[in-house]
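Student: I have a structure open and would like to go through it. Can we take it piece by piece?
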Amino acid sequence: MKSVNVITPSVDGKGLMMGKAGYTNDYVLKNALIIKVLRSPHPFAKIVSIDDEEAKKLTGVECILSHKDFDRRPFTRAGQGYPEPSPHDKFVFDEYVRYVGDEVLCVAAIDEVTAEKALSLIKVEYEVLEPVLDFEKAMNNVSVIHPEPEIHEMFPIGFEPKKNISASYHMHIGNVEDTLKKCEVVIKESFYTQAQAHSMMEPHAVNTQFDYQNRLIIYSATQTPFHVRRIISQALNYPISKIRVIKPRVGGGFGGKQAIHGEIIASAVTIKTGKPAALVYTRKEVFESSYTRHPMRLDITVGADKDGTLKAIDCYVLSDTGAYGEHALTVFMVAGSKVLPLYNKVDSVRFHGHVVYTNHTPAGAFRGYGAIQGNFALESAVDILCNKLGMDPILFRQKNMMKENETSPIFAIMGEGTEGTAMMMETCKLDYCVKRGLELIDWNNKYPSKKINDHIVRSVGMAIAMQGSGIPYIDMGSATIKLNDDGFYNLLVGATDIGQGSDTILAQIAAEELMTSVDKMIPYSSDTDLTPFDTGAYASSTTFVSGNAVLKAAKTMKNKLIEEAANALNCAKEEIGFDGEIFNKVNSTESITLKELSNRLYYNSDQKQLMVTESYVGHKSPPPFMAGFAEIDLDTETGEVKVNKYCSVVDCGVTINPKLAKGQVEGAIVQGLGMALYEDVVYTAKGKLITNDFMSYRIPSRMETPELITEFAESNEPSGPFGAKSVGEIGIDTPPAAIMNAIYNACGVRIKSLPATPEKILMELRRKNHEQ
Amino acid sequence: MEIKNYYVAKDLDDALQKFMLSSDNHLLGGGAWMKNSLRHIDTAIELSHLVSNDITETKEFIEIGAMCTLHDLSIHPAIIKYYDGILAQASKQIMGITVRNIATIGGTIAGKYAFSDLLTPLLAMNCQLMFYRQGIITLEEYLQSAIREKDILLKVLIKKSTAKGYFHKVAKTALDFSIVNVAVVKDNQNFSVCVGARPQIAAKAFKACELLNSSGVINQEIIEKAAKMAADELTFSSNFRGQAEYRKMVTETYIKRGLQEVITNAR
Amino acid sequence: MLVNLYVNNVLKKYHVQAGEFLLDTLRNDNYISVRRGCDSTSCGVCTVLIEGKPVPSCSVLTIRLEGKHITTVEGIQEEAEKLAHYFGLEGADQCGFCNPSMALTVYAMKNELKNPTLETIKAYLVGNLCRCTGYQAQHIAILHYLEDRS
Ligand SMILES: Cc1cc2nc3c(=O)[nH]c(=O)nc-3n(C[C@H](O)[C@H](O)[C@H](O)COP(=O)(O)OP(=O)(O)OC[C@H]3O[C@@H](n4cnc5c(N)ncnc54)[C@H](O)[C@@H]3O)c2cc1C
Ligand code: FES
Ligand code: FES
């Protein structure tokens, strides 16, 4: 029976399409209190007083909680390994509010109408403070966003709150300045990226209750159930043994549900009242009061010789983490660590920068996690450099990019806020990816551009990218496999299926090793009481890290089964052959089926429960690679861009589930196109987000989606389960640079700040034509 | 949104009485925009049984009931046929099928929404509105009247004609609101050039129309001149969807393309 | 106020407030397949059929629907299962949050349009947002579903 690398429908797809219960909000108890949060109308203010007398008198209001009700115990909401590389700079509620939408207090009432009514009756007096709304002016600003004394870093991350610096970092290999001086051609450019919104279709949701053992049960739409349990325990000083976090189906995350959202508030309400409670974010709250991608300015200098040898890359990044520092350091570092090794042959490289606080919606994890920002800058810069060199950008990349069995010193230097891990690229099919992509897009006939009529130009552009597969020595996944009577299995994983299909692919891995079919391997994720630990769904770790844990567990289970079969057939282990269904004794006709064996173990002799648990922590993080090619039509009279086609050729090792892998790439490509072209983020001068719903914040619809051609390189990663690397994030990285390169190829305009709206393109085009 | 009362009007008179009673009383069209724009409604007045949702044809006119949904509008043969179907095209480009199945032409016109994609072609077609109290007035008059009289829109009347038409919506994505929209109608030698979502409400470029109407032969030079003239005479301003300058530039471009189309694609 | 609705052909009597939207009426009555994505008429996740036409249930007042037939995905299980089959083969289902509404809209489309092409399918479904899939796999699956006359 083959389960891996064959088309396998997702295990939950049918049920969910048919409308079965599954998501957090489907499990709210009928008598749950409904929680509403009062949010700050000011970007930066001190709460002078809260008058909630009228609201308290309202029938049906059960509790109102504000900063007065909590000890001052700073923590971070970032869903990361512990100790976290993010500053502990958040309180449940604080007397300061630091962005429009920040939490002031919460009301829990018997229904939504009452809770909302109560909010409207509460009067809060603020002392409005001078906000920091321009991240380029945040550092050393007179306004200090985090003046409170209790906040701290868990280990050195360059945290200097008095200067509005949430984290900083510096690394270099060789002497960049010297190398650049010697380069024959040098270009220096600055690039800007926006605070993209995750826009998962399911808004953040949580509900809480005490069970019959008086333990706190939390249903949460989260990517990181175990981190949620730990953080709630810390933040509320509540025994971790009394907390159970259940992650049901999750309606998309993309990093937006990696950090804590409403879980602490809902838990606090239930602890305070003893009653079940539910908190579902409105779409506006999802936009204004959850997390965004870190906006960045990337100053990049690259130098090469006339023959096209890339010599040096210098990158300074200024990143805006908004009001709180969730994932501040690590996202910013990934802008270097998962981008710069693409060009591993340089003499010297420097990566440094600061992550600053501003009075904007906090930034956090988001698919790509810094790599998309870094990739946009570097892959745009490479095309700019090639233009100056007069060199073909494909040839340039082929000459300078990472190849199989090579490495980059950066791997050893840059890790998850700490040192990294040296590793060799045992698989890197980037060469093939580029070559195949050129064919798929018909590059040679289309590059750089062609006039279609008097105002439409058709052009192509491309970029290459890499990501990682989990965080070595930090991300741990584990899996439990249990044998049931009749010979089917349960697969219990802490790995978090958030829609990406990890339940399915992990079941495939286990089924493959145990030579059974996927329908006999029943996956369950994730429940901190029932499933073994896993860091969660992030950092492209699930297939590689959790997948390896599942594979280990399946191997151990197989051994146990053979042992038990040997017992049953009265022979040595070595004499047993197993094909997934039948155990044969060699050189004899004696055999026992798995079904018989499992029934025997349950009911007849040698009775026992076979159940194994294995864990895996990566010692490397083999990067997936890809090349992305775009074909666009650009209207030179209006600046409008239509993407006709996007070809992706991806090296993610063996695809455990080819269609789901394709889905990961294609979904990510379209999100990347959103970032490149449509998803504009606009604040008012007073720091309020204007683009706070789906009418004003435009994610791509099916009309914007181009023809997507997605292929996988043949690749087999020795360290991965059945040869797999990761595929969750890599797809998002190339569209910004590939599209900007295509726009340049169409009309000679270089867009350096995302998104490339028609307006920006047309204005630049007119300016350029005017100058000529 | 909070709605205190739901009132099924006995007849149009009753509806109007109720409507006049308070500024918090509202007539229900499809309710789609109300849902997103009003916080508090005292009484929501049901009209759907009193106002038609049909599209009918008389010898001279297409008559559209105010309760007609955008989807029905977009697929009706007469709407597709006349004026090269610009009203159908404009409707089709508003959101998805679900919104178009509830949003009504009456709500769109009565709301006088500046962002509207329907008002621009309707204005270019010089349509008339039949109100319960005011009787028939032109859309042009209606849009220009600053005070919004409380009245009930019953029908939209479009004169049948063999006119040529062009509509274009400039928007970031298929589901987005217009950055600007442009409608051009050529009825024999009579031109009507209208631009909406500037972001101000749809308006006609009178000077440009005059130029076109007074020029015997319309060549490329006149087209370009008229397009520029229209962009100059109309006002544009900035919001988060676009700067005034950009709006003006693309308006000129699309008027030019529109004029070319209605002139060269003669039937 | 009392409203009589036929939900999936079953007569239901609901006592509703004037301002109650169909989404809440249905969810309160345990039709949990109807879900809220935006509450501002702009995502399509809450789609149900009224008299066979797809509408955003978050924006339709229940009180206006006296005597109307409402269809949720619970009412078209067979078709949903069939569509899900093709979604499964294409990997077109990820988080699934958008999928009950997708099934309903596709079902309505099948009844409304004869032989839809890829372009008409896109146009019909454009209001149904999906952030996970990048849409293309859905379109392929839907085309296969439409071809299946069994
Ligand atoms: C998410 C979303 C996106 C949209 N995008 C676009 C777009 O891109 N382009 C575009 O052009 N439009 C767009 N619209 C607007 C839509 O086209 C309609 O114009 C809008 O929904 C109003 O129609 P309605 O039937 O819903 O009116 P309602 O919301 O019911 O009513 C609107 C107003 O009209 C009044 N009214 C209704 N009927 C009558 C009547 N017969 N007589 C007098 N007064 C009446 C009401 O009292 C109310 O004040 C969008 C709407 C939504 C919800
Ligand atoms: S919830 Fe109704 S359209 Fe989004
Ligand atoms: S599958 Fe997640 S939104 Fe469509």
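This is a predicted model: local features need pLDDT of at least 70, side-chain atom pairs count only at pLDDT 80 or more; totals for chains, interfaces and linings use all residues.

Student: Ok, strand β1 of chain A. How many of its residues are buried?

Tutor: Six of the seven residues in β1(A), residues 33-39, are buried, so the strand is largely enclosed by the rest of the structure. Buried means that 20 or more other C-beta atoms lie within 10 Å of the residue's own, with C-beta atoms placed from the backbone. Strands here are DSSP runs of E with at least two residues, and helices are runs of H or I with at least four, numbered from the N terminus.

Student: Which strands does β1(A) have bridges to?

Tutor: Two bridges join β1(A) to β12(A), residues 277-280, and that pair runs parallel. With β5(A), residues 103-109, there are six bridges and the pair is antiparallel. Strands count as paired if DSSP finds at least two bridges between them.

Student: And what does A:Ile34 sit opposite in β5(A)?

Tutor: A:Ala109. In β12(A), the bridge partner of A:Ile34 is A:Ala278.

Student: New topic. What is the strand order in the five-stranded sheet of chain A?

Tutor: The order is β7-β15-β14-β13-β8, an open sheet with mixed pairing. β7(A) (165-173) and β8(A) (185-193) are at the edges with a single partner strand each, so one side of each has no neighbour in the sheet. Neighbouring strands are turned by 5 degrees against each other on average, direction ignored.

Student: How many bridges link β13(A) and β14(A)?

Tutor: Nine, in the antiparallel sense, between residues 296-304 and residues 310-322. A:Met296 has A:Ser319 in β14(A) as its bridge partner.

Student: Which helix packs on that sheet?

Tutor: Helix α8(A), residues 328-337, touches β7, β13, β14 and β15 (348-357) of chain A. The direction of α8(A) makes about 30 degrees with that of β7(A). Axes are lines fitted to C-alpha atoms, for helices over the stretch in contact, and angles run from 0 to 180 degrees between N-to-C directions.

Student: What about α17(A), is that one mostly covered or mostly exposed?

Tutor: Mostly covered, with 19 of its 21 residues buried. α17(A), residues 658-678, reaches 29 Å from first C-alpha to last, close to the 30 Å expected at 1.5 Å a residue. The expected span is 1.5 Å times one less than the number of residues.

Student: Now the chains. How many residues do C and A each put into their contact?

Tutor: Chain C gives 43 residues and chain A gives 45. Two residues are in contact if their C-beta atoms, placed from the backbone, lie within 7 Å. On the chain C side, the largest share comes from α2(C), with nine residues.

Student: And how many for A with B?

Tutor: There, 16 residues of chain A are in contact with twelve of chain B. Helix α19(A), residues 758-771, gives the most to the chain A side, with three residues.

Student: Last one: what domains does chain B have?

Tutor: Chain B is divided into domain 1 (2-44), domain 2 (55-159) and domain 3 (164-264), with bounds from an automatic or database domain assignment. The centres of domain 2 and domain 3 of chain B, taken over C-alpha atoms, are 20 Å apart. Their contact takes 22 residues from domain 2 and 22 residues from domain 3.

Definitions and conventions:
Residues are numbered from 1 along each chain as its sequence is written. Chains are lettered from A and ligands numbered from 1 in the order in which they are written. A residue is buried if 20 or more other C-beta atoms lie within 10 Å of its own, exposed if 12 or fewer, and partly exposed in between; C-beta atoms are placed from the backbone.
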